[in-house]
Amino acid sequence: MRRRPFLLLIVLPATLLAGGAARIVQDQCGPFTDVTPAFCPYVLELYYLGVTAGTSATTFSPDDPLTRGQGAVFVAKGVNQALARSSRRAALGQWWTTTPHWDLGLGVTQVQNDPEGVASDGQDIWVANEGDGTVSRVRASDGRLLDTWTNAHGADNVLAAMGRIFVSGIDTPNGRLYMIDPSQASGGATIVAADLPASPFGLTFDGSRIWTANVDGSVSIITPSSSPPWPVTSVSTGFVEPVGALFDGQSVWVTDFAANSLLRLDSAGAVLQTVATGAGPSLPTFDGANIWVPNDTDASVTVVRVADGAIITTLTGNGLQAPFAAAFDGERILVVNGPISRPGHGALSLFRAADLAPLGNFVADGFAACSDGTNFWVSLQGTGQLARF
């Protein structure tokens, strides 16, 4: 008996649509009086998604010409909606983007000393702890610390590739590349390359080889082998102070901190293209179309289109103060402005990737960030924690 009113609510609209109300729906498409039935479903889809509001409160003007500017707005808003509806965040109903309560100890995991680089393998978050040469494995679903690997001296950045975890280690006189097998019990990380330049930092994988950006003024290309040590080729021509590295599916890109540039490289490490950025470009991220370059010493982010290396825009404001690292979650770009201990640092800045719109910022003692496709994860260098956002 309690279900009967609910059933009546379903039946009544259907009955009305079958009768005289059908003509009302055809004569007026939502608020619009000038849209034919053939186009009505598509127009209403755009209207209810917020892509367009029409040309007045009651007209859509379906036959009016569209300018290039208006078309760009439609496409950008449509891309935003497509990303939002297809993301893991949507599937889990995690729509919130508000400031987390890290000050209350919520959403944080204690790792080890001086956490720096972070990476997701799709299930767990891996953290390079430079202070004590360890690597932490944190379960993304609940933030639980699962394992800690040792023997990664100077661990400063981390990469998930080929079912393994790779860690760059600052050492003297030579840097190192370590490897961890997540399927095995935790223990000491395996050294796969011990003859890198002294300061490898940026890490990326091109589908067959691992690349390191070495702050001393070179780039190293490491070729996997059946057993260590793996062959290493280091290239110094064209570099001053490489810091960050990424692969866009076709090319490897490296940021050069001292040269204020983003460099596109060929397969041998030679510079193919130089893009002038802001001062101090650091750890970039790629959103599938553009590279976001945080410029550490001039409070800006340079957005570069990978197709031709053109600068789309240079972003300022929204909490950008000496930005150091960036990450992409499928919809949004998170920029980490570095640890509070460094002057001008201490904030996270959020932007929407599709239209570059600022989404807000808040104070945080961050160093670097990654995304698991749902949440951002930020290493909090000063407190030895990994924080979820």
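How many aromatic pairs does a search of the whole structure find? The search finds ten, where rings of Phe, Tyr and Trp (its six-membered ring) pair if their centres lie within 6.5 Å. Several of these pairs are visited below.

The model is predicted: local features need pLDDT of at least 70, side-chain atom pairs count only at pLDDT 80 or more, and totals for chains, interfaces and linings use all residues. Residues are numbered from 1 along each chain as its sequence is written, and side-chain values use heavy atoms, with hydrogens and water left out.

**The whole chain**

Along its principal axes the C-alpha trace spans about 85 × 55 × 45 Å. Of the 389 residues, 48% count as buried; buried means under 20% relative accessible area, exposed over 50%, and partly exposed in between, with a 1.4 Å probe and protein chains only. Contact means heavy atoms within 4.5 Å. Among contacts between residues at least 6 apart in sequence, 46% join residues at least 24 apart.

**Helix α3**

Select residues 40–49, helix α3, whose buried residues are C40, V43 and L44. These residues lie on the same side of α3, because they cover an arc of only 95° around the axis, the arc being that of the directions from the helix axis to the C-beta atoms. Continue to G50, which follows α3 and has a positive phi, near 85°.

**The open sheet β2-β3-β4-β5**

Next, display four strands that form an open sheet in the order β2-β3-β4-β5, with antiparallel pairing. Two strands pair if DSSP finds at least two bridges between them. The edge strands are β2 (115–120) and β5 (145–149), each of which pairs on one side only. From one strand to the next the twist averages 20°; the axes are lines fitted to C-alpha atoms, for helices over the stretch in contact, and angles run from 0 to 180 degrees between N-to-C directions.

Within the sheet, select β3 (residues 124–129) and β4 (residues 134–139), which pair in the antiparallel sense over six bridges. V127 has S136 in β4 as its bridge partner.

Then move to G143, in the loop between β4 and β5. Is G143 buried or exposed? G143 is buried, with a relative accessible area of 10%. Beyond residues up to four places away in sequence, G143 touches T109, V138, W377 and R388. The C-alpha atoms of G143 and V108 are separated by 7.2 Å, although the two residues are 35 apart along the chain.

**The hairpin β22-β23**

Select β22 and β23, which pair in the antiparallel sense over four bridges. The two strands form a hairpin with three residues between them, and G330 in the turn has a positive phi of about 105°. A326 stands opposite V335 in β23.

**The nonpolar cores**

A nonpolar core is a set of buried Ala, Val, Leu, Ile, Met, Phe, Trp, Tyr and Cys residues joined through side-chain atoms within 4.5 Å. Which members of the largest core, of 21 residues, touch the most other members? They are W102, L334, L348, V378 and F389. Strands β22 (325–328), β23 (332–336), β24 (347–352), β26 (366–371) and β27 each supply at least two residues of this core. Apart from it lies another core, of 13 residues, among them W126, I165, V167 and I180.

Centre the view on L334, whose contacts beyond four places in sequence include L348, F376, V378 and F389. Then select L380 in strand β27 (residues 376–380). L380 is buried, with a relative accessible area of 6%. Setting aside residues up to four places away in sequence, L380 touches W102, V108, P115, D365, G366, Q385 and A387.

**The aromatic rings**

Show the rings of W102, F362, F376 and F389, which ring pairs link into a cluster.

Finish at F166 and W230, a tilted pair with 5.9 Å centre to centre and 55° between the planes; planes under 30 degrees apart count as stacked, over 60 as edge-to-face and the rest as tilted. F166 lies in strand β7 (residues 164–169) and W230 in the loop between β12 (218–222) and β13 (232–235), 64 residues apart. Both residues, F166 and W230, are buried.
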